[in-house]
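Please look at the sequence and the model first, then read on.

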Amino acid sequence: MLIPLLAAVGAGLWAGWANRNRKSGRTGDISELNGYAAFREAMEKSHSGSDTPA
């Protein structure tokens, strides 16, 4: 009975440790989307003059 108890306590501690950064990461998707939008804008600017054949 001691082994399952220790396994449950260890799993609880691991879950708490693994989830520690997710509280502050709630805006991670928003910052990633803003970064992607900036990337797309930069790519559109760099290709705006190269669409015409030489």
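## Surface and salt bridges

Leucine 5 is exposed, at a relative accessible area of 52%; exposed means over 50% relative accessible area, buried under 20%, and partly exposed in between, with a 1.4 Å probe and protein chains only. The model is a predicted one, in which local features need pLDDT of at least 70, side-chain atom pairs count only at pLDDT 80 or more, and totals for chains, interfaces and linings use all residues. Residues are numbered from 1 along each chain as its sequence is written, and side-chain values use heavy atoms, with hydrogens and water left out.

Leucine 5 sits in helix α1 (residues 2-18). The protein has two helices and zero strands; helices (H or I, at least four residues) and strands (E, at least two) are DSSP runs, numbered from the N terminus.

On the surface, Leu2, Leu5, Leu6, Val9 and Leu13 make up a nonpolar patch with about 530 Å² of accessible area together. Patches consist of residues with over 30% relative accessible area and no salt bridge, where like charges are joined within 9 Å and nonpolar side chains (Val, Leu, Ile, Met, Phe, Trp, Tyr) within 5 Å. The accessible surface of the whole protein is about 5,200 Å², and 64% of that belongs to carbon and sulfur atoms. These areas come from the Shrake-Rupley method with a 1.4 Å probe; for residues, only the protein chains shown count as cover. Of the 54 residues, 0% count as buried.

Side chains of opposite charge can pair when their charged atoms come close. How many salt bridges does the structure hold? There are two, a salt bridge being a side-chain nitrogen of Lys or Arg within 4 Å of a carboxyl oxygen of Asp or Glu.

| Salt bridge | Closest N and O atoms |
|---|---|
| Glutamate 44 with arginine 40 | 4.0 Å apart |
| Lysine 45 with glutamate 41 | 3.4 Å apart |

Glutamate 44 and arginine 40 both belong to helix α2 (residues 28-47), four residues apart, or about one turn of the helix. Arginine 40 is partly exposed, at 44% relative accessible area. Lysine 45 and glutamate 41 are separated by about one helical turn, because they are four residues apart in helix α2. Lysine 45 counts as exposed at 59% relative accessibility, while glutamate 41 counts as partly exposed at 44%.
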